[in-house]
Amino acid sequence: MYHSVVEDPGRLADSLDGISHSRQVFEEQMELLAREFHPIPLDQVRRFVLGHSNLPQRSVVISFDDGYADNYDIALPILDRLGIPSVFYVTVDCVERRTMPWPSRLRYSFRRTKKKSWTDPEGKRWSMEKADSREQAFLTACDRVCQLAGTALENCLTTLEEELDAKLPNDSGQLMITWEQIRNLARRGHIVGSHTMTHPNMAYLRNEDATREFADSKKRIEMQMNAPIEHFAYPCPALFPSWSQETVEGSRLAGYQTAVTTNRGPVRKGHEPLLLNRVPPSKTIDGLRWNLEKAFAERAG
Ligand SMILES: [Zn+2]
């Protein structure tokens, strides 16, 4: 479960925080996977969990969430050199409007604001003078924003950016992948999936908003790719969990074949293909090895 791969993860700490890997670590992790594991394309997983086919020992799928341009510029050459098939889940609004996913925008505003305090909609006043209070206020705001979608989400975010008088620079939108790059991923044999339109917590949305996030994102990507989009990744921006029995049904109705969550663990035969576990990648080589060995040990047990 990767997000972004950059030369210097520290440079983007106020927006991407912990979700960037350094190119060097990523490359070594991919070499480890190519050497000691068995990377497979995602579409084989559905047949496996449904009991229609087996997979090679120690099979792994590499996935990327959100849709950062670095997936194309930095990760792709490494994946292609090693022959590793991957799946890239893109957030449609971020691609089309050239903006970063909202948690990055909000994190930046709370970290960079020069205001001394911020008052939340319940009237509680948060000091902006201490890092931990800023972080708590940020998390509180995330809990609210993640339940919105579409225009309501964007309006709420804009209000917060104005209240804090700090806004992620517009050129940060260049960090998002373009449709042309996404088409190239598919041309090189990788899978493209949906990560919604606006990156909400699907389980906390009103039904009509959830339906729209599933269906519109699928339609928009299909239009741009001229190919069916069958795979979905649940955003996990705040609150837990970010899926439910209703969202599983919603994803099925929208026509998805698989959906991945941020639930940690291995994928076994008999698992619901629309609620697949994932393994966190860790920021070290040994950490990734450990996470994978642990997952495979659990699977055997
Ligand atoms: Zn995401």
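Okay, let's start with helix 1 and helix 3. Helix 1 covers residues 23-36, and it packs against helix 3 with the two axes 10 Å apart and an angle of about 25° between them. That angle makes the two helices roughly parallel. And if you're wondering about handedness, helix 1 passes helix 3 in a right-handed crossing. One thing to keep in mind all the way through: this is a predicted model.

So who makes that contact? From helix 1 you've got Arg23, Phe26, Glu27, Met30, Glu31 and Ala34. On the helix 3 side, the residues are Ile74, Ala75, Ile78, Leu79, Arg81 and Leu82. Sort them by class and you get eight nonpolar residues, four charged ones and no polar ones.

Okay, on to the metal. Which protein residues are the donors of the zinc ion? There's Asp66 through OD, and then His195 and His199, each through NE2. These donors lie 2.1 to 2.2 Å from the zinc ion. Along the sequence, the spacing reads D-x128-H-x3-H.

Buried or exposed, then, for aspartate 66? Buried, with a relative accessible area of 4%. Histidine 199 counts as buried too, at 6% relative accessibility.

You'll find threonine 91 in the loop between strand 6 (86-90) and helix 4 (92-97). Its relative accessible area is 0%, so threonine 91 is buried. Setting aside neighbours within four places in sequence, threonine 91 is in contact with Asp66, His195, Thr196, Met197, Thr198 and His199. If you check that against the zinc donors, Asp66, His195 and His199 are the names to look for.

Next, histidine 3, way back in the segment before strand 1 (4-6). Histidine 3 counts as buried at 18% relative accessibility, and the cut-off for buried is under 20%. What does histidine 3 touch, once residues up to four places away in sequence are left out? The list is Ile19, Phe64, Asp65, Asp66, Tyr68, Asp70 and Asn71.

At 11% relative accessibility, proline 103 counts as buried. Not counting residues up to four places away in sequence, proline 103 touches Phe138, His199 and Pro237.

Quick stop at glutamate 161, in helix 7, residues 150-164. Glutamate 161 is a charged residue by class, and here it's buried, with a relative accessible area of 5%. Its contacts, again leaving out residues up to four places away in sequence, are Arg105, Ser109, Ala166 and Lys167.

Proline 241 is in the loop between strand 10 (231-233) and helix 10 (245-254).

And then two residues other than glycine with positive phi. For asparagine 226, phi is near 60°. Asparagine 226 is in the loop between helix 9 and strand 10, and it's exposed, with a relative accessible area of 72%. For serine 282, phi is near 65°. Serine 282 sits in the loop between strand 12 (276-278) and helix 11 (285-300), and it's partly exposed, with a relative accessible area of 21%.

That's my tour, so let's take questions.

Methods. Residues are numbered from 1 along each chain as its sequence is written. This is a predicted model: local features need pLDDT of at least 70, side-chain atom pairs count only at pLDDT 80 or more; totals for chains, interfaces and linings use all residues. Side-chain values use heavy atoms; hydrogens and water are left out. Donors are N, O and S atoms within 2.8 Å of the metal (3.2 Å for Na, K and Ca); water is not among the atoms, so sites may look incomplete. Buried means under 20% relative accessible area, exposed over 50%, partly exposed in between (1.4 Å probe, protein chains only). Axes are lines fitted to C-alpha atoms, for helices over the stretch in contact, and angles run from 0 to 180 degrees between N-to-C directions. Helices (H or I, at least four residues) and strands (E, at least two) are DSSP runs, numbered from the N terminus. Angles under 35 degrees count as roughly parallel, over 145 as roughly antiparallel, 65 to 115 as roughly perpendicular and the rest as oblique. A crossing is left-handed if the near helix is turned anticlockwise from the far one by less than a right angle, and right-handed if clockwise. Contact means heavy atoms within 4.5 Å.
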